Amino acid sequence: MKESNPNRIRILCTSDVHGKIYPHSYADGSYQAYGYARLKTCIDSLRDENTILIDNGDVLVGSPFMQYFMSNFPTDLGKTSPITRVINAMNYDFINLGNHDFDYGVKALFHHIEGTGAKCITENVRYTSNAGSGACSLPKYLNHQRENCYELIEIAGKKLALFGIITHFVPKWEGEEHTKGMTFLDAFDEAKRIVEKIKEDNLADYIVCVYHGGFERDPETGEQIGFDTGENQGYRMLKEIPEIDVLLTGHQHRLFEGNKYTQPGEGGVYLACVDIDLETGTVNPKLIEVETEADEGIMNLVRDDEDACQIWLDKIIGKSKLDLLIHDELDARINKSQLITYVNKVQMDYCGADVSAVALFYGAIGIGPDISMRQLVSTYVFPDNLIVKKINGKILRDYLEKDMEFWIIEDGKIAINPEYMVPYPQHFNYDMLDGVEYTAKISNPVGERIIKLTRNGEPVTDEMELTIAVSNYRAAGGGNFFMLSDAETVWQDSITVVDLMQRDIMEKRVIEFEPVNNIEIIL
């Protein structure tokens, strides 16, 4: 550890690393400038005794490595995940939780938290155990006892009050089984309450808020970012809780650095660094691009799991007689790739729904003639499970009209709406459906683009009742598809879509079906 600077307190914060440890792609093995192994080297070069190291969540989900591990080693087996071991080895002082850290359920989450060796500071989550004890904050339940709702840390003769909060939208995206016993309090309201408590105690020189959430408005210009649903409240915190000296954000995968705030993007490509000058009281936030080599010790720590993952990824589990590879993402969305037809068929066959919907994720590679797990996990990158909703024709039409907001006309051609490209690509918010036939005219006004909607050739009426299979994210209204979140849930299952695809392929051995061209997107 470096020699301490007695006139400076340093805060280092990672966020949204999303299961990435090794700096390589699991799709093709190419070098990728991301992951905890590279972060470790960078952090070691910056850290001294006056440094606090924090992770701001979304670590358990987002890489094929973690998908392999969580699929093959359930929490019941007691094996600690690679990410958990890495965070422990990097000696993080504190962790805040991200929304995706709940994707595998409460038991897996607690197993992770307790294995990190760091204190969990997520304060706006209340938990009631199965034993029936009264609800208390998550840190207190996890035996990280403290009298107050914040950590008070003394460094170089100064005291920092530190607390964590998470976007309270988590239950909108996670099934009840993933958040059982938990209540999520409004992030802004809790931040304000905690800051008022800190000021009342009058013990802290600086207040640090670690927020797994982002900005609803540009913190410099005040311009609204995308749709303001209440999911992100960082701008409001800056404006209405001025006592916060440092606001460390995440969740949006954007790069922000400015007067007392940061957001370091995704994957560990950047590291947030905040230096507090104790002589002047100046707070200096900045983002540091991680340009260091990967730490061999971190990679060796999880080498056995990495090697096993590579074997698992390359295992051939079946064949396809159709071309299900993605050669051109834009064309695959405009002219629905048969990969989508296949995934929808698997979903409908499993749950018996009338209609099925799935998105083509950004960077998906598709399925080749010889099918491997590497192709599956590089195509469907989230651990989504299925939920079946009961809807009518009007809800279906509203759903499709919202869906078609993804497209615009640009230079006489169909193009992706720029609002779906910032603050990061949101291709997961464009679904393609099977079980119905529809035509969308993109030159029509928003809300009036579906000019044909039939099922088995017959017009879909507003009163027609249907069941539709969607991901748990979409079923909860993710992407602002609130017409689905309001609809009745009639069936759900915890098996992931990737597991369904794997099981289908291993049972049939060969993918073979008549192509379905049921979607027409026109100018």
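How much space lies in the second largest pocket? The points below begin with that pocket and then treat the helix contacts, the sheets and a cavity.

1. Basis of the note. The model is predicted, so local features need pLDDT of at least 70 and side-chain atom pairs count only at pLDDT 80 or more, whereas totals for chains, interfaces and linings use all residues. Residues are numbered from 1 along each chain as its sequence is written, and side-chain values use heavy atoms, with hydrogens and water left out.

2. The second largest pocket. About 520 Å³ of space lies in this pocket. A pocket is an open set of points on a 1 Å grid over the protein atoms alone, with protein on both sides within 12 Å along at least five of seven lines; a cavity is a set of points where a 1.4 Å probe fits but cannot get out, and lining residues have an atom within 4 Å of a point. Grid points are joined across faces, edges and corners, and a volume is the space filled by probe spheres set on the points. The lining of the second largest pocket has 21 residues, of which Met70, Pro74, Tyr104, Ser494 and Thr496 are the closest to its centre. Two or more lining residues come from each of helix 2, helix 4 (106–116), strand 29 (488–496) and helix 17. Helices (H or I, at least four residues) and strands (E, at least two) are DSSP runs, numbered from the N terminus. By class, the lining of the second largest pocket comprises eight nonpolar, eight polar and five charged residues. Here Ala, Val, Leu, Ile, Met, Phe, Trp, Tyr, Cys and Pro count as nonpolar, Asp, Glu, Lys and Arg as charged, and the others, Gly among them, as polar.

3. Helix 2 against helix 3. The axes of helix 2 (residues 64–72) and helix 3 (residues 82–89) lie 9 Å apart, at an angle of about 115 degrees. That angle makes the two helices, helix 2 and helix 3, roughly perpendicular. Axes are lines fitted to C-alpha atoms, for helices over the stretch in contact, and angles run from 0 to 180 degrees between N-to-C directions. Angles under 35 degrees count as roughly parallel, over 145 as roughly antiparallel, 65 to 115 as roughly perpendicular and the rest as oblique. Phe65, Met66 and Phe69 of helix 2 make the contact with Pro82, Ile83 and Arg85 of helix 3, contact meaning heavy atoms within 4.5 Å. This contact has five nonpolar, no polar and one charged residues.

4. Helix 2 against helix 10. Helix 2 and helix 10 (residues 303–314) cross at roughly 90 degrees, and their axes come within 10 Å. This pair is therefore roughly perpendicular, helix 2 to helix 10. On the side of helix 2 the contact involves Pro64, Phe65, Tyr68, Phe69 and Asn72, which meet Asp305, Glu306, Ala308, Cys309, Trp312 and Leu313 in helix 10. The contact of helix 2 with helix 10 has eight nonpolar, one polar and two charged residues.

5. The sheet 20-16-30. Three strands form an open sheet in the order 20-16-30, with mixed pairing. Its edge strands, strand 20 (370–372) and strand 30 (510–511), each pair on one side only. Strand 16 (residues 316–320) pairs with strand 20 in the antiparallel sense over three bridges, and with strand 30 in the parallel sense over two bridges; pairing requires that DSSP find at least two bridges between the strands. Lys319 stands opposite Asp370 in strand 20, and its bridge partner in strand 30 is Val510.

6. Helix 12 against helix 17. Helix 12 and helix 17 pack with axes 10 Å apart at an angle of about 90 degrees. Helix 12 and helix 17 are therefore roughly perpendicular to each other. The residues of this contact divide into eight nonpolar, one polar and four charged.

7. The second largest cavity. Helix 12 (338–351) and strand 18 (355–359) each supply at least two residues of its lining, with the largest share, three residues, coming from helix 12. The lining of this cavity has nine nonpolar, one polar and no charged residues.
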